[in-house]
Structures are given as C-alpha cells and as structure tokens.
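The stops below follow one after another.

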Amino acid sequence: MDIVLSKSTWPIIGWVCQILGWLINGIYFCLEKIGIPNIGIAIILYTIIIYLVLTPLQIKQQKMSKMMSVMQPDLQRIEKKYQNKKDQASQMKKSEETMAVYQKYGVSPTGSCSTLLIQMPILFALYQVIYKIPGYIAKVRAFYEPIVEALQNIPTYRDNADFVTLAQQNGINAAGLSDSNKLIDLLYNFDKTEWAKFTEIFPNLNEYVAKALPSIEKANYFLGMDLATAPAQQLWPGVLIPILAGLTQWLSSKMMQTDNGSKNSDDTMGSTMKTMNIMMPLMSVFFCFTFSSGIGVYWIASSVVMILIQ
C-alpha cells in the first residue's frame, strides 16, 4: 500500500487541507523570518490557532453535553414509563414527552451532531496536513528537491534492488519510485540509519545529502526528537511523546467526565465515560508510538488546548 504524503486527495477533506496548508506554511515562513524554522513549533502554533477558531463550537458542544447530563433523570423516567409499552400510540406519546424535555432545557436533539459535523472535516484536515508536511510547507519540500532531482538523473535508480527494498520498508512500492512526490515522501520519512543506507546505495548523492541534512535536521528536530519518524524508531527521548500524549488525553477526558457530572458508577453514561477515560489515553499512547512524532506533538498540543477550554 502506498503512503502518499505529498497532499491529501480526500473529497472535502482535501479542500480544507489546502486552506489549513496555507496556514501552516505561513506560520513556518514567519518562524523562518525570525530565525527559528522548526516544524515542532509550527505544529504547536498551528494547533493552537485552529482550536482557538473552533473554541465557540467546542464550548457549545460542552454545554450541550452538560445539559444532556442534567436531562438524563427526566429522560430515564420517560424510558422507564414506556419500557413495556410498544404500541404505536404509546411510542408517539413517548416521543412527545421526550421532545418536551428537550424543549424544557433548550436543547436540540441534533444540536451536538451538527456541531460535530462542522468540526470533523476541520479536525481530519488538521491531522492530514501535519502528517503530510512536505506537501504543505514549501520550504520543507525544497530541502528534498535537489536530492530527488539528482536521484532521477541516475538512469538505473529504480532498478536498484537495495533502494527498492528501502522504499518498500517505508511504504512506497517500486511503481511509485518514478513519482517525485513519493520520492520526497520517502526521503522525509528517513531516519539517520536510512540516510546512511541511502548514501551507501548512491554514493554520488552524498554531496547533495550532506548539504541538505543540516537544514532538514534543524527543521525536523524538536527537543531532541525527529518529528518525521516514529518514537518507536528513536525510543529516547521519543518515548516521551506517547507518554505525554496519554497523560494529557487522560486529564482532558477526566475533566470532561467531571464537568458532565458522570460520576455515578451505576449510571450507564457514567460507566461509558469511565471506560472511554481509560481507552482514549491508551489509544493515544499506541498511535503516538507508531505514527510520526509530529502527530504526537499535535496530539499533546490539542489535549492541552482542550484542557484550557475545559
């Protein structure tokens, strides 16, 4: 399966990605102008700006969640009242009483869903842009272009078995090696060991790689971590990313659970929230350990912003 990191081509999401791509490209451009061209800082600022824009929707969603918790006793009484009445008249009466409860508390039954539908394309696109950095930050892409151009000037580069194997290990098949975008994607994923292997396969490109690596490392390294590779490939200090992602996700979920009043372990909603409060941080740890470290930085930054919103 090919990994196409140059740009997202998903319907709707791809269009939103293009807009968000302009944002992160602009942020990186400004950072470069003040002498700190770093992807990690760009991701953090990018995440903060997007979540600040989404704050009104987030607050609206939190208020709806809170009101749903307050409404639960009334809704449960209606559910219990009609649990053994399955005839059409009773079901219609149940629906009327349920709608009356929603009207009493000023909550729309579809309000929370519509808020989520607005947010989801933006959040998916936000993630896609971070995952596909070379496609959206022109300055980062420019680091790799001279290497790719020199590589493509080697007539037999696609027939080199060692290079094909190296590409396949990074999710790029042999057919994709003729595409300059995928070659940039491939190089963006390289860690130090893979760069050494690459220059061993193509010694004539050593000069191009040596010239580009200082700029690549300055942009990609954040607090000693290579944001283009997964924590699983660098362990220390990369392992701090999934740990922090899990902790901040747990704290955010815990605060949301408390705010929604779901503290009663006998309540179905409370039990579900407690399960999610365990599962979501564990999922964060797993994904942030296996995905690129840049995704982990985004995950941590977004959780911190959500804590502040809470």
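## Stop 1: helix 9

Start by selecting helix 9 and colouring Glu194, Trp195, Phe198, Thr199 and Ile201, which are buried. Keep in mind that this is a predicted model. Now look down the axis of helix 9. The buried residues fall within an arc of 155°, so they line one face of the helix. Turn to the other side of helix 9, and Lys192, Thr193 and Glu200 are exposed there.

What do the buried residues of helix 9 pack against? Show helix 6, helix 7, helix 8, helix 10 and helix 11 (231-234), and you have the packing partners.

Next, go to the N-terminal end of helix 9, which Asp191 caps. One of its side-chain oxygens sits 3.2 Å from the backbone nitrogen of Thr193.

## Stop 2

Select Trp195 and list its contacts, leaving aside neighbours within four places in sequence.

Widen the view to the largest nonpolar core, which has 67 residues. Which of its residues touch the most other members? They are Phe163, Trp195 and Phe198. Helix 1 gives the most to this core, with eight residues. In soluble globular proteins, nonpolar side chains tend to be buried together.

## Stop 3: the rings

A pair of aromatic rings is described by the distance of the centres and the angle of the planes. The structure has twelve aromatic pairs.

Take Phe163 and Phe202. Their ring centres are 5.2 Å apart and their planes are at 75°, so the pair is edge-to-face. Phe163 belongs to helix 7, while Phe202 is in the loop between helix 9 (192-201) and helix 10 (206-220), so the pair ties together parts 39 residues apart in sequence.

Move on to Phe190 and Trp195. This aromatic pair is edge-to-face, with 5.2 Å from centre to centre and 90° between the planes. Both Phe190 and Trp195 are buried.

Now select Tyr157, Phe163, Phe190, Trp195, Phe198 and Phe202 together. Ring pairs link these residues into a cluster.

## Stop 4: Asn170

Select Asn170, in the loop between helix 7 (161-169) and helix 8 (180-189). Asn170 has a relative accessible area of 10%, so this residue is buried. Show the side chain of Glu194 as well: a polar contact of 3.2 Å joins it to the side chain of Asn170. Glu194 is one of the buried residues of helix 9.

Asn170 and Leu186 are 16 residues apart in sequence, yet their C-alpha atoms are 6.6 Å apart in space.

## Stop 5: salt bridges

How many salt bridges does the structure hold? The count is five.

- **Lys139 and Glu32.** Their side chains meet in a salt bridge, 3.7 Å from N to O. The pair links distant parts of the chain, with Lys139 in helix 6 (residues 138-152) and Glu32 in helix 1 (residues 13-33), 107 residues apart. Lys139 is partly exposed, with a relative accessible area of 37%. Glu32 is also partly exposed, at 29%.
- **Glu97 and Lys81.** The closest N and O atoms of this salt bridge are 3.1 Å apart. The pair joins Glu97 in helix 3 (residues 88-104) to Lys81 in helix 2 (residues 39-81), 16 residues apart. Lys81, at 46%, counts as partly exposed.
- **Arg141 and Glu145.** The closest N and O atoms of this salt bridge are 3.1 Å apart. Both residues lie in helix 6, four residues apart, about one turn of the helix. An α-helix has 3.6 residues a turn, so residues three or four places apart point the same way. Glu145 is partly exposed, with a relative accessible area of 37%.

How values were computed: Residues numbered from 1 in each chain as written. Predicted model: local features only at pLDDT ≥ 70, side-chain atom pairs only at ≥ 80, totals over all residues. Heavy atoms only, no water. Helix = DSSP H or I, 4+ residues; strand = E, 2+ residues; numbered from the N terminus. Buried < 20%, exposed > 50% of the residue type's maximum accessible area, 1.4 Å probe, protein only. Polar contact = N/O pair within 3.5 Å; in protein donor to acceptor, adjacent residues only side chain to side chain. Salt bridge = Lys/Arg side-chain N within 4 Å of Asp/Glu carboxyl O. Phe/Tyr/Trp six-rings, centres within 6.5 Å; stacked < 30°, edge-to-face > 60°. Arc of directions from axis to C-beta. Contact = heavy atoms within 4.5 Å. Core = buried A, V, L, I, M, F, W, Y, C linked by side-chain atoms within 4.5 Å.
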